[in-house]
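Here's a quick walk through one protein model, from its strands to a helix pair. Have the viewer open as you read.

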Amino acid sequence: MNGALCSANDFLFLASMTLLSVNLNKIAVLRNSRGGNEPDMARAAITCIESGCGGITVHPRPDMRHVHPDDVRTLAAMLRGRVEYNIEGNPFAAARGAYPGLIALAREVRPTQVTLVPDSDGQITSDHGFDLAQDTERLRPLVTELRELGCRVSLFVDPGATGFEHAVAIGVQRVEIYTGPYAHAFAEGDAKEQLDLCVDTARRAQQAGLAVNAGHDLSQANLGTLRAAIPGLAEVSIGHALIGEALYEGLATTVRKYLQILR
């Protein structure tokens with residue numbers, strides 16, 4: 001707060017804010033389309049941080065269509081001690097070429113949070129979450145290792161997911177609600193059913209003892225409604241829409257607009 005000591009009210013305000021983690025995948029897509037180092041991932045991350053975001057997200061994939069393992073390493077060194085670092089991905093995807101696997105990357109860079117997502121190479125983007133009743137036992141040793149590395153562990157789940165007690169039992173600390181269906185319904189002009197589903201999912205996860213994140217297709221248009229409907233929403237991870245909007249208004253301005261919505 002401009003160098004002054006924070007008051008008790010300041011701390012309560014900061015604790016109640018939803019953290020914005022900017023996903024930089026699309027910066028890497030643009031860079032990879034031409035080769036070389038432009039646009040620069042590190043510079044994009046610094047711009048987002050200086051504009052006030054609380055976290056940076058990347059989602060490396062085995063086919064390296066966007067973020068590369070070296071990007072993960074470079075950002076880790078730069079972000080440490082500055083903002084939260086969230087790495088997403090499928091923990092069961094095998095190492096391939098220069099891609100060492102999600103858990104191996106986590107061992108190297110020890111991010112703040114690892115968000116486990118059950119996506120496959122053939123998906124354009126993540127489009128479903130884990131089945132907590134069926135998947136948690138095979139996730140258990142991975143969650144244990146990530147926790148031992150000092151990483152917070154979040155699982156990607158569908159709106160309407162059940163079985164949050166299974167996630168708690170293996171040491172998961174958060175879930176990220178897949179908000180794609182909500183965003184699609186919002187764009188169609190009737191988001192009530194999907195919004196209610198997200199709200200109910202968040203409530204049941206929180207009652208089980210999990211913190212709640214949200215992400216996928218969130219934008220300036222639909223974020224405020226979701227944020228207002230879910231008390232205690234811990235974090236939103238936003239990339240595609242934010243980077244797209246930044247083409248028109250600039251990256252720093254766009255990040256600040258998202259932060260204003262979250263306040």
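This is a predicted model: local features need pLDDT of at least 70, side-chain atom pairs count only at pLDDT 80 or more; totals for chains, interfaces and linings use all residues.

## The barrel

Zoom out and you'll find 8 strands closing into a barrel, in the order β1-β2-β3-β4-β5-β6-β7-β8, with parallel pairing. From one strand to the next, the twist averages 25°.

## Around Ser51

Where is Ser51? Look in the loop between α3 (41-50) and β2 (55-58). Ser51 has 9% relative accessibility, and because buried means under 20%, it counts as buried.

The Ser51 side chain reaches the backbone oxygen of Thr47 at 2.7 Å. Setting aside neighbours within four places in sequence, Ser51 is in contact with Ala252, Val255, Arg256 and Leu259.

## How α3 meets α12

Now for the helices. The axes of α3 and helix α12 (residues 251-262) come within 8 Å and cross at roughly 45°. The two helices are therefore oblique to each other, and the crossing of α3 and α12 is right-handed.

Which residues meet here? On the α3 side they are Ala44, Thr47 and Cys48, and on the α12 side Leu251, Ala252 and Val255. Thr47 is also the residue whose backbone oxygen the Ser51 side chain reaches, while Ala252 and Val255 are among the contacts of Ser51.

Methods: Residues are numbered from 1 along each chain as its sequence is written. Side-chain values use heavy atoms; hydrogens and water are left out. Two strands pair if DSSP finds at least two bridges between them. Helices (H or I, at least four residues) and strands (E, at least two) are DSSP runs, numbered from the N terminus. Axes are lines fitted to C-alpha atoms, for helices over the stretch in contact, and angles run from 0 to 180 degrees between N-to-C directions. Buried means under 20% relative accessible area, exposed over 50%, partly exposed in between (1.4 Å probe, protein chains only). A polar contact is a pair of N or O atoms within 3.5 Å; within protein, one must be able to donate a hydrogen and the other to accept it, and residues adjacent in sequence count only if both atoms are side-chain atoms. Contact means heavy atoms within 4.5 Å. Angles under 35 degrees count as roughly parallel, over 145 as roughly antiparallel, 65 to 115 as roughly perpendicular and the rest as oblique. A crossing is left-handed if the near helix is turned anticlockwise from the far one by less than a right angle, and right-handed if clockwise.
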